[in-house]
2 protein chains.
Amino acid sequence: MKIIVTGAAGFIGSQLCSKLLVMGHQVLGIDNLCRGRLDYLLSCRANEGFQFVEVDLADPNQLHLALQAAQSIGQIDQLWHLAANSDIPAGVTSVKVDLRDTFLSTISSLELCEQLGCRKFLFASSSAIYGDLGTDPMMEHAGPLLPISNYGAMKLASEAAISAACEKYLDHAYFFRFPNVVGVPATHGVLLDFVRKLKQTPGILSVLGDGTQCKPYLHVCDLIDAMLFISATANDRRNIFNIGPDDEGVSVQSIAEMVVAEASPGSKIKYGSDNKGWIGDVPKFQYDISKLRRLGWVRRLSSHAALTRALREIIIQEASVL
Amino acid sequence: MKIIVTGAAGFIGSQLCSKLLVMGHQVLGIDNLCRGRLDYLLSCRANEGFQFVEVDLADPNQLHLALQAAQSIGQIDQLWHLAANSDIPAGVTSVKVDLRDTFLSTISSLELCEQLGCRKFLFASSSAIYGDLGTDPMMEHAGPLLPISNYGAMKLASEAAISAACEKYLDHAYFFRFPNVVGVPATHGVLLDFVRKLKQTPGILSVLGDGTQCKPYLHVCDLIDAMLFISATANDRRNIFNIGPDDEGVSVQSIAEMVVAEASPGSKIKYGSDNKGWIGDVPKFQYDISKLRRLGWVRRLSSHAALTRALREIIIQEASVL
């Protein structure tokens with residue numbers, strides 16, 4: 001198949017491109033290279049099934065470049081839309097980051113599909129669309145949807161636009177509601193943050209929040225496996241799935257202790273006073289993935305195992321940065 | 001109080017401004033005068049508590065004009081955001097109309113609040129955010145939210161952005177989920193459409209769809225009454241309310257017969273073959289307003305009574321156009 005991946009040079013996008021190429025597909029990667037890096041695509045670019053075009057999808061004046069690149073390949077079968085602001089705290093100061101990089105890039109990706117006659121759209125949504133449900137489990141049919149971060153708001157806005165497009169030019173849409181995802185190439189997130197902090201100020205690890213925040217973490221290899229499984233198995237017009245490790249998650253305190261033990265044994269951990277790391281942080285949530293389980297998918301790594309593996313990967317990544 | 005109303009020169013906006021002025025508030029009306037008309041504000045403009053500024057909120061370069069006008073009045077207590085594309089079928093061809101006029105105007109209205117320190121935001125949302133729930137009742141906590149029109153999608157996207165703003169600079173947000181609203185000054189909608197068609201082609205009324213579409217209709221006077229009631233009574237951070245007439249609604253066939261009897265007796269009615277009037281039309285829905293009823297609000301006019309009254313108002317409006 002011929003597949004477009006937006007956000008191709010990002011953390012998850014680059015891993016997805018690799019996997020799709022291994023499966024024998026032809027892939028056109030699109031990225032504005034703001035947060036993503038061409039380095040991450042080194043192995044993909046060695047594959048003759050891969051093409052890359054640098055386009056900022058949020059800029060309507062650049063859309064024709066993506067169109068041209070796609071048209072030179074032939075009929076596109078799928079578009080995976082992963083381009084987005086990936087950093088929740090970055091959207092706190094202003095809605096503009098998420099508006100532009102998450103939402104307007106979705107509008108452009110939809111326009112690409114319409115113009116290219118591509119009828120299958122796969123979207124990297126997020127658990128952040130649910131907002132803070134307190135002790136209620138996050139299930140796909142939960143409502144009302146009241147996100148508490150611009151990140152979550154613009155992911156939900158994107159879902160809405162994609163849903164409307166299903167009425168017109170899309171046959172199938174997939175809404176993958178991601179949990180926290182860990183692995184390499186790490187560009188953001190709690191593990192990278194802690195590892196870098198300890199490198200900068202050895203001996204002390206300052207933690208945002210009181211450490212009680214507890215969330216599920218999925219390794220990127222499991223995430224990609226789940227998305228491909230859903231894409232091949234679920235066949236409704238609109239397919240919404242929470243993706244997660246199906247466990248209670250791990251507290252920020254445990255993660256801090258894990259990082260200290262692995263990266264800088266003996267360092268002191270200093271906690272904040274609030275149970276939120278930042279505005280829009282959902283401190284605890286019950287992520288219900290029973291729908292995905294019923295579809296038949298089984299994860300390989302628990303939250304704890306995913307963090308352990310990703311931590312080692314990140315330590316290696318950061319060592320090579322030096 | 002000092003109150004901003006966006007979309008002030010529109011159908012509902014102009015009626016809301018009138019009512020707020022009667023209640024003794026000072027009102028700054030904002031409108032881009034695309035669909036709205038200054039005529040509709042004649043009586044408001046005679047009131048010294050009213051000011052008007054022509055600003056296209058979807059254009060970020062015009063935002064400072066709205067800011068200046070607001071700052072000259074003093075501390076703004078509430079912003080009612082009614083500016084939007086009001087015409088669902090108009091958004092079928094392209095997402096751009098609703099993206100711009102409904103969603104980006106919301107982002108600007110939020111920015112106005114942030115910059116003005118206005119902490120109460122009231123939003124004209126819509127039953128269209130629910131999409132087509134089939135026989136399931138539309139309740140405020142229904143999910144997932146999968147709108148089937150760009151109109152509904154951009155209303156939902158707006159709700160998401162407002163919800164995130166509640167985490168930062170808003171104390172209270174109100175999401176008024178409107179049903180079909182009828183009355184004058186009518187700018188669009190089934191009644192006006194039928195009255196104009198009969199005027200253009202006397203003797204024949206062509207109806208989009210097979211006439212079986214059945215929806216609740218609320219008269220604009222009841223709508224405004226409900227919004228003011230909710231605003232004064234509900235006090236959560238995020239207040240979501242379906243607003244409707246609490247009845248089964250009226251079929252398009254009944255409306256067509258009603259219009260023919262009143263406007264052009266003896267005319268033939270020609271129906272389409274589909275139960276949808278256009279892409280994104282939700283043919284039937286059970287609009288649940290039990291939450292609003294529990295809050296204590298009682299409507300004056302049923303769907304049928306609202307349509308009957310609005311039809312007479314519209315016939316007078318259209319006669320005076322001649």
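Predicted model: local features only at pLDDT ≥ 70, side-chain atom pairs only at ≥ 80, totals over all residues.
Trainee: Which residues of helix 8 of chain A and helix 10 of chain A meet?

Mentor: From helix 8 of chain A come Ile255(A), Met258(A), Val259(A), Glu262(A) and Ala263(A). From helix 10 of chain A come His304(A), Leu307(A), Thr308(A), Leu311(A), Arg312(A) and Ile315(A). By class, this contact of helix 8 with helix 10 of chain A has 7 nonpolar, 2 polar and 2 charged residues.

Trainee: What makes helix 6 of chain A oblique to helix 8 of chain A?

Mentor: The axes of helix 6 (residues 190-200) and helix 8 (residues 252-263) of chain A come within 10 Å, with a crossing angle of roughly 45 degrees. That angle makes helix 6 of chain A oblique to helix 8 of chain A. Helix 6 of chain A passes helix 8 of chain A in a right-handed crossing. On the side of helix 6, the contact is made by Val190(A), Leu191(A), Phe194(A), Val195(A) and Leu198(A). Helix 8 of chain A contributes Val252(A), Ile255(A), Ala256(A), Val259(A), Val260(A) and Ala263(A).

Trainee: How many residues in the contact of helix 6 of chain A with helix 8 of chain A are nonpolar, polar and charged?

Mentor: The contact of helix 6 with helix 8 of chain A has 11 nonpolar residues, no polar ones and no charged ones.

Trainee: Why is helix 5 of chain A called roughly antiparallel to helix 5 of chain B?

Mentor: The axes of helix 5 (residues 150-165) of chain A and helix 5 (residues 150-165) of chain B cross at roughly 175 degrees and come within 8 Å. Angles over 145 degrees count as roughly antiparallel, and so helix 5 of chain A is roughly antiparallel to helix 5 of chain B. Among the residues that meet are Asn150(A), Ala153(A) and Met154(A) of helix 5 of chain A, and Asn150(B), Ala153(B) and Met154(B) of helix 5 of chain B. By class, the contact of these two helices has 14 nonpolar, 2 polar and no charged residues.

Trainee: How many residues of chain B and chain A are in contact, and what area is buried between the chains?

Mentor: In chain B, 38 residues are in contact with 38 residues of chain A. The two chains bury about 2,700 Å² between them, 69% of it on carbon and sulfur atoms. Within chain B, the residues that lose the most area to chain A are Leu146(B), Glu167(B) and Lys168(B), together 18% of what that side buries.

Trainee: How do you know that the side chains of Lys96(B) and Glu111(A) meet in a salt bridge?

Mentor: The N to O distance between the side chains of Lys96(B) and Glu111(A) is 3.6 Å, and the rule asks for a nitrogen within 4 Å of a carboxyl oxygen. The pair meets in a salt bridge. Lys96(B) lies in helix 4 (residues 96-116) of chain B and Glu111(A) in helix 4 (residues 96-116) of chain A, so the pair joins two chains.

Conventions. Residues numbered from 1 in each chain as written. Chains lettered and ligands numbered in written order. Heavy atoms only, no water. Axes fitted to C-alpha atoms, helices over the stretch in contact; angles between N-to-C directions. Helix = DSSP H or I, 4+ residues; strand = E, 2+ residues; numbered from the N terminus. Parallel < 35°, antiparallel > 145°, perpendicular 65-115°, else oblique. Left-handed = near helix turned anticlockwise from the far one by under 90°. Contact = heavy atoms within 4.5 Å. Nonpolar A, V, L, I, M, F, W, Y, C, P; charged D, E, K, R; others polar. Buried area = accessible area lost by both parts, 1.4 Å probe.
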